[in-house]
Amino acid sequence: MERIYIGMGSNLAAPAEQLRSAVEALARLPQTALVGVSAFYQSDSLLPGQPRYTNAVAALDSELAPLELLDALQAIENQQGRERLERWGPRTLDLDIVLFGDRLIDEPRLNVPHYHLQERAFVLYPLAEVAPADLRLADGRVLKDLLAACPFVGLERLPQN
Ligand code: ROI
């Protein structure tokens, strides 16, 4: 059993509704328990010309292997109408494995900890809501230090999920 953190994002087709559906789908994954969901946060897209995103982080305990989980997450994305028209394009649902227990994974399909974690307030702040205060990543970095180096700028925490 490993503790896993999933970054969720949507900027099409009622983003908050997409995230709520995604949370329900995560709760139904085999060999997996949903143990927490952060608040939802809105922010501008990092790429200009796209609608604003809604993001959140979910915590799971799972017996699935990393690539099994990745396949399951991609199936959920597809069920919710994701079309891969362009890399970094707007999307109905993006599910990223941000952290997977104590693992360092460097494979063509999967990098854990997620590459851009440290520069993305819309991942770090919701992660901090569902992770232990003293969380240390598999690469030795400490979540608190990443937060201190990534200002809470441009994020709007929604009052309700
Ligand atoms: N911007 C925000 N705010 N949230 C995202 O989830 C997100 N995802 C992306 C890009 C286009 C980089 N920008 C984003 O893939």
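This is a predicted model: local features need pLDDT of at least 70, side-chain atom pairs count only at pLDDT 80 or more; totals for chains, interfaces and linings use all residues.
Okay, let's start at Pro 113, which is found in the loop between β7 and α3; helices (H or I, at least four residues) and strands (E, at least two) are DSSP runs, numbered from the N terminus.

Residues are numbered from 1 along each chain as its sequence is written, and side-chain values use heavy atoms, with hydrogens and water left out.

Ala 13 isn't a glycine, yet it has a positive phi of about 55°.

Now, the ligand. Which residues are around the ligand? Among them are Ser 43, Leu 46, Asn 55, Trp 88 and Arg 91, where near means a heavy atom within 4 Å. The shell splits into 5 nonpolar, 4 polar and 3 charged residues. For these classes, Ala, Val, Leu, Ile, Met, Phe, Trp, Tyr, Cys and Pro count as nonpolar, Asp, Glu, Lys and Arg as charged, and the others, Gly among them, as polar.

On to polar contacts, here pairs of N or O atoms within 3.5 Å. A side-chain N or O atom of Ser 43 sits 2.8 Å from a ligand nitrogen, and a polar backbone atom of Leu 46 is 3.2 Å from a nitrogen of the ligand. Asn 55 puts a polar side-chain atom 2.8 Å from a ligand oxygen. On its own the ligand exposes 360 Å², and the protein buries 95% of that (Shrake-Rupley method, 1.4 Å probe).

So where does the ligand sit? Its space is the largest pocket, meaning that more than half of its atoms lie within 2 Å of the pocket's grid points. A pocket, on a 1 Å grid over the protein atoms alone, is an open set of points where a 1.4 Å probe fits, with protein on both sides within 12 Å along at least five of seven lines; lining residues have an atom within 4 Å of a point.

The largest pocket has a volume of about 1,200 Å³, the space filled by probe spheres set on the points. Of its 45 lining residues, the closest to the centre are Arg 82, Trp 88, Arg 91, Asp 94 and Asp 96. The largest share of that lining, 5 residues, comes from β5.

Last one: the second largest pocket holds about 170 Å³ of space. Its lining includes Ser 43, Leu 46 and Phe 122, and has 7 nonpolar, 2 polar and 3 charged residues.

Note on methods: A polar contact is a pair of N or O atoms within 3.5 Å; within protein, one must be able to donate a hydrogen and the other to accept it, and residues adjacent in sequence count only if both atoms are side-chain atoms.
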